[in-house]
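Visitor: I am new to this structure and would like to learn how to read it, one feature at a time.
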Amino acid sequence: MISLTSPVETWAHRIPAGAKLLALPFLTLALFLTGRPWALAAALLVIVLLYLSGGAAFLRQGAGHLRMLWPFLLLIAVWHSLTGQMQAGLVVALRLLAALALANFVTMTTRLSDMIGVLTWLLAPLRRIGLPTRAVELAIAMVLRFTPMLVENGHRLAMSWRARSRRKPGWRIVVPMAALALDDADHVAEALRARGGILNDIPDGRS
Amino acid sequence: MERNMTQIALFAALIAALGLIPSLTLAFGVPITAQSMGVMLAGAILGARRGALAVLLVLALVALGLPLLAGGRGGLGVFVSPTAGFLAGWLAAAFVIGLIVKRLRAGPLAVTVTLASVVGGIGVMYAFGILGMSIVLDKTLAECAVLVMAFVPGDIIKAVLTGLITQALARSRPASILSRH
């Protein structure tokens, strides 16, 4: 599993993840509270400059992540040219671009390990009141490991389907995929229990 | 404890895998993403609590920056996009579907699960989705409701398939329908 963190190393990669994640909701809220098009245009310009500070390749990568917005931008353009409220349409479009670009900037400049570090820190108080936060960390690792494996299962099931039938494998393949996932869940649960369970921490140095 | 956790993790992986496999997105020749079907299955098979936790795990990993959503999307940006409401709706959908499958014991499982998926996976999920869209796009709820209507037929197909898949799974592995335990 490859994270969406940009391989292009920028100055923003060195800012602590917690600081970026703390600033993001406030800045996003500010974008949503502003109704003035020039303020949003200025914000978008600053964000574009942020991307540009990481180099042209980084900017191109960031623009690529915004591709999913074009149907919505098209919709806004058509809608507002029909209703004649061009300024309102401009506000929505600029806000959408700025908010998404800003959030993606944080994702692109923060490594997965740093993100997980922040999550662990956020979960620490829950650990103190007795919730099994180790299970959360283990579950994250399991999804990372098992997603490619289930995709692989799907491909193998599709291949064996094609060996037996001339028709395309369709939704029916999800049945054995889900069954195999449930079997794997049982096997991993047994393996975890055999190793002392998830509640018993493995002592340092013996992992 | 261990079994609950691994089932939640494996179903989160299944939801992610269903979004990554393009060859599975075809149903009756119509290309639809199978990912929201994974959400319906999580509720129908794992039950309300575990199903919603599996969805929460997927969303947490997406927020951490992993491209687990259909089409390889992910990162914090998707939570401010016009479709962010639907992601919140996934949580509620899995929970409601699990709840209905547990409580409603009359009739064949396929019909019950289809019904639950229509109520939870369409009714509840679209309520969240439309609300999110109306906030981000600054349109009224009615206007957004009209915009998303085009996706309802595809989701009805997914609800029926969820019913059929759950019943097939109940036949091959009777103990696996944990929502009924």
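Visitor: Where in chain B is confidence lowest, and where is it highest?

Guide: The pLDDT is the predictor's confidence in each residue, from 0 to 100. In chain B the lowest mean, 46, belongs to strand β1 (residues 26-27), and the highest, 95, to helix α3 (residues 48-63), where helices (H or I, at least four residues) and strands (E, at least two) are DSSP runs, numbered from the N terminus. Residues 24-30 of chain B have a pLDDT below 50. Where pLDDT is low, the predicted coordinates should not be read in detail.

Visitor: How many helices and strands does chain B have?

Guide: Chain B has seven helices and two strands, arranged along the sequence as α-β-β-α-α-α-α-α-α.

Visitor: How many residues does each chain give to the contact?

Guide: Two residues are in contact if their C-beta atoms, placed from the backbone, lie within 7 Å. Chain A gives 56 residues and chain B gives 49 residues. On the side of chain A that touches chain B, the largest share, 14 residues, comes from α8(A).

Note on methods:
Residues are numbered from 1 along each chain as its sequence is written. Chains are lettered from A and ligands numbered from 1 in the order in which they are written. This is a predicted model: local features need pLDDT of at least 70, side-chain atom pairs count only at pLDDT 80 or more; totals for chains, interfaces and linings use all residues.
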